[in-house]
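Please look over the sequence and the model below before reading on. The report that follows goes through selected residues, strand pairing, salt bridges and a pocket.

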Amino acid sequence: IIDAGANIGIASVYFCMTYPNARLYSIEPDHDVCKTLRENLSAYPNASVHECALSDIDGQIDFHVHPTSSIASSLQSRVTGDRVVLVQSRTLDTFMKEQHISAIDILKFDVEGAEERMLRAIKNRSAVHCYVGEIHPDLMDASLEDIRSLFSGFLVNTKPIGTKRFLLTAIIR
């Protein structure tokens, strides 16, 4: 299981408790938030924390730290007064190769507008059996239909979770 945009690990802890035998990779680019994430996952030996962003490039990328809310930090500027820091970035393909992962059962993502960049860069989408994540069409240069079109061969469902956000699930057929 991969939790991309893990923040402090609420979903990660849920996955650890629900699937105690699963290997969990929690990915979070915010250095300060990673400290809390590591503490929250310290009781789960099958969980690891990876301080990087999942995106469309391997290398370094600008990360915009929201001044008041870590859950709103993003790879793009969303408010005035954010702090820009360079963070490590990986494509999912590179991350899987580095971690010797051949397949992913669940990829949960909440990457605050970077989902199109992250998803489009995946060369073998069928290596992930189930995608579930928040889609932010208002923060991307892509529509909900653009995102849905990435999942040929998947059973795709999107439902609104507010006025500007959608929950996407894509399960391989």
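In which helix is Leu-37 found? Leu-37 is found in helix H2, which covers residues 31–41; helices here are DSSP runs of type H or I with at least four residues, strands are runs of type E with at least two, and both are numbered from the N terminus. This is a predicted model, in which local features need pLDDT of at least 70 and side-chain atom pairs count only at pLDDT 80 or more, whereas totals for chains, interfaces and linings use all residues. Residues are numbered from 1 along each chain as its sequence is written, and side-chain values use heavy atoms, with hydrogens and water left out.

**Single residues**

Leu-37 counts as buried because its relative accessibility is 0%, where buried means under 20% relative accessible area, exposed means over 50%, and partly exposed lies in between, with a 1.4 Å probe and protein chains only. Leu-37 and Gly-113 are separated by 76 residues in sequence, and their C-alpha atoms are 21 Å apart in space.

Two residues other than glycine have a positive phi value: for His-100 phi is near 60°, and for Glu-112 phi is near 50°. His-100 lies in the loop between helix H3 (92–98) and S7, and His-100 counts as exposed because its relative accessibility is 73%. Glu-112, in turn, has its place in the loop between S7 and H4, and Glu-112 counts as buried because its relative accessibility is 9%.

**Strand pairing**

Strand S7 (residues 104–109) and strand S8 (residues 128–135) run parallel and are joined by 5 bridges; two strands are said to pair if DSSP finds at least two bridges between them. Within this pair, Phe-109 stands opposite Gly-133 in S8. The chain passes from S7 through H4 to S8 in a right-handed β-α-β crossover, a term which means that, with the strands pointing away from the viewer, the path from the first strand over the helix to the second runs clockwise. S8 also pairs with strand S10 (residues 166–172), in the antiparallel sense and over 6 bridges, and here Glu-134 stands opposite Leu-167 in S10.

An open sheet of 3 strands has the order S4-S6-S5, with mixed pairing. Its edge strands are S4 and strand S5 (59–65), each of which pairs on one side only. S4 pairs with strand S6 (residues 83–90) in the parallel sense over 2 bridges, and the bridge partner of Leu-54 in S6 is Arg-90.

**Salt bridges**

| Salt bridge | Closest N and O atoms |
|---|---|
| Arg-120 and Glu-116 | 2.4 Å |
| Arg-148 and Glu-145 | 3.7 Å |

Glu-98 counts as partly exposed, at 40% relative accessibility. Where does the pair of Arg-120 and Glu-116 lie? Both residues are in helix H4 (residues 115–120), and because they are 4 residues apart there, about one helical turn separates them. Arg-120 is partly exposed at 44% relative accessibility, whereas Glu-116 is buried, with a relative accessible area of 15%.

Arg-148 and Glu-145 both lie in helix H5 (residues 144–148), 3 residues apart, which is about one turn of the helix. Arg-148 counts as partly exposed at 27% relative accessibility, while Glu-145 counts as exposed at 52%.

**The largest pocket**

About 390 Å³ of space lies in the largest pocket. A pocket is an open set of points, on a 1 Å grid over the protein atoms alone, where a 1.4 Å probe fits, with protein on both sides within 12 Å along at least five of seven lines, and lining residues have an atom within 4 Å of a point. Of the 25 lining residues, the closest to the centre of the largest pocket are Gly-5, Ala-6, Asn-7, Glu-28 and Asp-110. Helix H1 (10–18) and strand S4 (53–54) are the elements that give two or more residues to this lining.

Technical notes: Salt bridge = Lys/Arg side-chain N within 4 Å of Asp/Glu carboxyl O. Points joined across faces, edges and corners; volume = space filled by probe spheres on them.
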